[in-house]
Amino acid sequence: RTLEIERSARMQPTRGTSATNTQLTRLAATMGVLPNISPNLTFSRRVIIENVHPELDGGRFRIKRVVGERVAVTADIFVDGHDEVRAHLLHRSASEMAWKQVAMQFEVNDRWRGEFSVPAEGLHLYTLVAWVDSFKSWSRDISKKYAAGQDVSVDALVGVQLIERAASRASAEDEQQLLSWASEIRQLLKR
């Protein structure tokens, strides 16, 4: 027996374009899969998702799989510039409200891959979400500058700002820890 799997068209960008800030915010908030998403949070339009496979006629038709078979999803995901990107594959049965998430893995060039298994017959949905990982980008850049013997004091202050922004979205306990680290870094920079 086969089952049908549909790429969720809701809040998907059209080919070669990005979803709007409102669409991504609503998607993240309604799916509840990204930690600490504020309804007021806006996302950059810089991340592009295209060439999604498997997909039939731009997602107009459903792909079919046998129960238990793995669905490997690949896509070209990239950003203008050199920032680091993260991506998740979200999937669920059409009868479920909650999305399950799988972190996608970078393969080569702009190609990313994620897989999921469908445990039962019926309609299943999947979609992709990607974003610029500001902290990972900052960490990579400051590490390179430090290794090259460059002054990283300004870059460290940028890191403090990233930590403070993360603290504003964190739970009370995590907020206190993050603010403590930010304060310690500021004190070290004053020396």
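**A sheet, a helix pair and a salt bridge**

Strands here are DSSP runs of E with at least two residues, helices are runs of H or I with at least four, and both are numbered from the N terminus. Two strands count as paired if DSSP finds at least two bridges between them. Keep in mind that you're looking at a predicted model, where local features need pLDDT of at least 70 and side-chain atom pairs count only at pLDDT 80 or more, while totals for chains, interfaces and linings use all residues. Residues are numbered from 1 along each chain as its sequence is written, and side-chain values use heavy atoms, with hydrogens and water left out.

Glutamine 105 has arginine 113 of β8 as its bridge partner. There are 2 residues between the strands, and asparagine 109 takes a positive phi near 50°.

Now zoom out. Follow β8 to β4 and you'll find antiparallel pairing over 7 bridges. One of the bridge partners here is arginine 111 in β8, which goes with aspartate 76.

Next, the helices. Two packed helices are described by the angle between their axes and the distance between the axes. Helix α2 (residues 134-147) packs against helix α3 (residues 153-169) at an angle of about 160°, with the axes 10 Å apart. Those axes are lines fitted to C-alpha atoms over the stretch in contact, and angles run from 0 to 180 degrees between N-to-C directions. So α2 is roughly antiparallel to α3, a label for angles over 145 degrees. Who touches whom? From α2 come Ser134, Phe135, Trp138, Ile142 and Lys145, and from α3 come Asp155, Ala156, Val158, Gly159 and Leu162, where contact means heavy atoms within 4.5 Å.

Last stop: charges. Side chains of opposite charge can pair when their charged atoms come close. The structure holds 11 salt bridges, each a side-chain nitrogen of Lys or Arg within 4 Å of a carboxyl oxygen of Asp or Glu. In one of them, arginine 140 meets glutamate 84 (2.7 Å, N to O). Arginine 140 lies in helix α2 and glutamate 84 in the loop between β4 (70-79) and β5 (85-93), so this pair ties together parts that are 56 residues apart in sequence.

Key:
Angles under 35 degrees count as roughly parallel, over 145 as roughly antiparallel, 65 to 115 as roughly perpendicular and the rest as oblique.
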